[in-house]
Amino acid sequence: MKTTPPVVLVPACNRVLGQHGFHVAGAKYVEAVRLAGALPLVVPDASEAELDALLDLADGVLLTGSPSNVHPSHFGEEVRDPALPLDPTRDAWTLPFIPRLLERRLPLLAICRGAQELNVALGGSLHQAVHTLPGHLDHRGQGETAESLYAPAHEVQVEPGGLLADVVREGTFRVNSVHGQAVHRLAQGLRVEARAPDGLVEAFSWPGAAFALGVQWHPEWRARDNPVSLQLLRAFGAACARQATHRNQFKQRQEE
């Protein structure tokens, strides 16, 4: 019998090109889903009435990074730098979407902006400009080319006994760093999984699901050539495959 890959929802960002609005999803995130062994389904945006219907289709969700920031009004602050891009259309549906997918215990991999969304959606807050904080690194990346921007920047220290430690089985490893915002107050119920040398939270999990992990770096970049990225994506894909099996078994029981 032919088996179909698990379906992973990938939220799109919003851009104005010329005089028209477009929904866009970074190709590297779509390819990361495929590398995880899953079928990517890009979601342009969603109304409140569509959220559960989308989740009915899903075996997992990958929340992507983006040039845009989560609007600080969602964690009780004013915009610090109006020059930085925002995406209120994405905020409007992903923030209420996240608690619903966690309620269903769907596998989740949240990357950079996606990790920040996860924290904010559950009641956490963000630093809007990490590089201005005393004693903190400048995490915004260096260089003008993609290769230099996404080059390894610093090590992360993995917290023992957590999801990330179980997946990568390494105490430290080097990551890229391409972000200005980051976790300030971690939402209640989330668990720190790794920190940067300056103490910044680099990864966290939601223990209520078999796999729900947020990472501040970009494992999707050159993932095929990065052993840690491959381990993360394969673990996420395996969790999605298990979810697909459970969903199909439930559907079969209903049809009997």
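Two residues are in contact when they have heavy atoms within 4.5 Å of each other. By that rule, and leaving out residues up to four places away in sequence, E155 touches T172, F173, R174, R195, A196 and P197. The structure is a predicted model, in which local features need pLDDT of at least 70 and side-chain atom pairs count only at pLDDT 80 or more, while totals for chains, interfaces and linings use all residues. Residues are numbered from 1 along each chain as its sequence is written, and side-chain values use heavy atoms, with hydrogens and water left out.

**Residue E155**

- E155 belongs to strand β8, residues 154-158; helices (H or I, at least four residues) and strands (E, at least two) are DSSP runs, numbered from the N terminus.
- The relative accessibility of E155 is 38%, so this residue counts as partly exposed; buried means under 20% relative accessible area, exposed over 50%, and partly exposed in between, with a 1.4 Å probe and protein chains only.
- From E155 to V175 the C-alpha distance is 6.0 Å, although 20 residues separate them in sequence.

**Salt bridges**

- Side chains of opposite charge can pair when their charged atoms come close.
- The whole structure holds 14 salt bridges, each defined as a side-chain nitrogen of Lys or Arg within 4 Å of a carboxyl oxygen of Asp or Glu.
- One of them joins the side chains of D56 and R104, at 2.7 Å from N to O. This pair links distant parts of the chain, with D56 in helix α2 (residues 51-57) and R104 in the loop between α3 (88-103) and β6 (108-111), 48 residues apart.
- D56 is partly exposed at 46% relative accessible area, and R104 is partly exposed at 35%.
- A network of salt bridges links E48, D52, D56, R100 and R104.
- R113 and D91 also meet through their side chains in a salt bridge, at 2.8 Å from N to O. Here R113 of helix α4 and D91 of helix α3 are 22 residues apart, and the pair links distant parts of the chain.
- R113 has a relative accessibility of 1% and therefore counts as buried; D91 is buried as well, with a relative accessible area of 1%.
- D138 forms a salt bridge with R140, and their closest N and O atoms are 2.9 Å apart. D138 is partly exposed at 36%, and R140 is partly exposed at 41%.

**Helix α1**

- The buried residues of α1 are Y29, V30, A32 and V33. Seen down the helix axis, they fall within an arc of 155°, so they line one face of α1; the arc is that of the directions from the helix axis to the C-beta atoms.
- Just after α1, G37 has a positive phi of about 85°.

**Largest pocket**

- The largest pocket has a volume of about 610 Å³. Of its 32 lining residues, S66, P67, S68, N69 and V178 are the closest to the centre.
- On a 1 Å grid over the protein atoms alone, a pocket is an open set of points where a 1.4 Å probe fits, with protein on both sides within 12 Å along at least five of seven lines, and lining residues have an atom within 4 Å of a point.
- Grid points are joined across faces, edges and corners, and a volume is the space filled by probe spheres set on the points.
- β2 (13-17), α1 (27-35) and α4 (113-121) each supply at least two residues of the lining.
- The lining has twelve nonpolar, 14 polar and six charged residues; Ala, Val, Leu, Ile, Met, Phe, Trp, Tyr, Cys and Pro count as nonpolar, Asp, Glu, Lys and Arg as charged, and the others, Gly among them, as polar.
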